Amino acid sequence: QVQFVESGGGSMQPGGSLTLSCAIPTTGIVFYPMGWYRQAPGKQRELVADITSDGKTNYVDSVKGRFTISRRNVVNTVYLQMNSLKPEDTAVYLCNFNPPRIDMWGQGTQVTVSA
C-alpha cells in the first residue's frame, strides 16, 4: 500500500483561502508531472491543476486566477494554494501523477466552502 497523502483541507467561508499539501510516497526525487484532482459528491473526478517537474503549470478554467499549484522537488511535495474560494470548490481534493496511477490514489482532503 503506497499512496499519496493529502493534507490541509478544512471548512472555509466563501472568499477565504486554503493551502493543500501532497506528499509523494517515495524517498527518491520524483520528476513526473503532478496533478491536483477534485471530486464533488455526485460528480466525476476532474483535474484542476497540474505541474511539470520544471514548473510549467496548467489549470482548469474554473480555477484560473484563484488557484496556484507549485512543487518542491527536493522534498517531493506538491502544493495547491486556493484563494477566493467559492461554494462550487467544495470537494475532496486528491493528488496523483498526471496521468494518474490508479494504484496510488490516497484518501484525499476535504474542502468545504459555505457561508
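Biologist: Which residue is the bridge partner of I69 in β8?
Modeller: I69 is bridged to L80 of β8, where strands are DSSP runs (E, at least two residues) numbered from the N terminus. This is a predicted model, in which local features need pLDDT of at least 70 and side-chain atom pairs count only at pLDDT 80 or more, while totals for chains, interfaces and linings use all residues. Residues are numbered from 1 along each chain as its sequence is written, and side-chain values use heavy atoms, with hydrogens and water left out.

Biologist: And how many bridges join β7 to β8?
Modeller: There are 6, and the two strands run antiparallel; strands count as paired if DSSP finds at least two bridges between them.

Biologist: What order do the strands of that sheet have?
Modeller: The order is β1-β3-β8-β7 in an open sheet of 4 strands with antiparallel pairing. Because β1 and β7 stand at the edges with a single partner strand each, one side of each is left without a neighbour in the sheet.

Biologist: Switching to E6, is its side chain buried or exposed?
Modeller: E6, which lies in strand β1, is buried, meaning under 20% relative accessible area with a 1.4 Å probe, protein chains only.

Biologist: What does the E6 side chain reach, then?
Modeller: The E6 side chain reaches the backbone nitrogen of C95 at 2.9 Å, and that of G108 at 2.9 Å.

Definitions and conventions:
Buried < 20%, exposed > 50% of the residue type's maximum accessible area, 1.4 Å probe, protein only. Lys, Arg positive; Asp, Glu negative; His and termini not counted. Salt bridge = Lys/Arg side-chain N within 4 Å of Asp/Glu carboxyl O. Polar contact = N/O pair within 3.5 Å; in protein donor to acceptor, adjacent residues only side chain to side chain.
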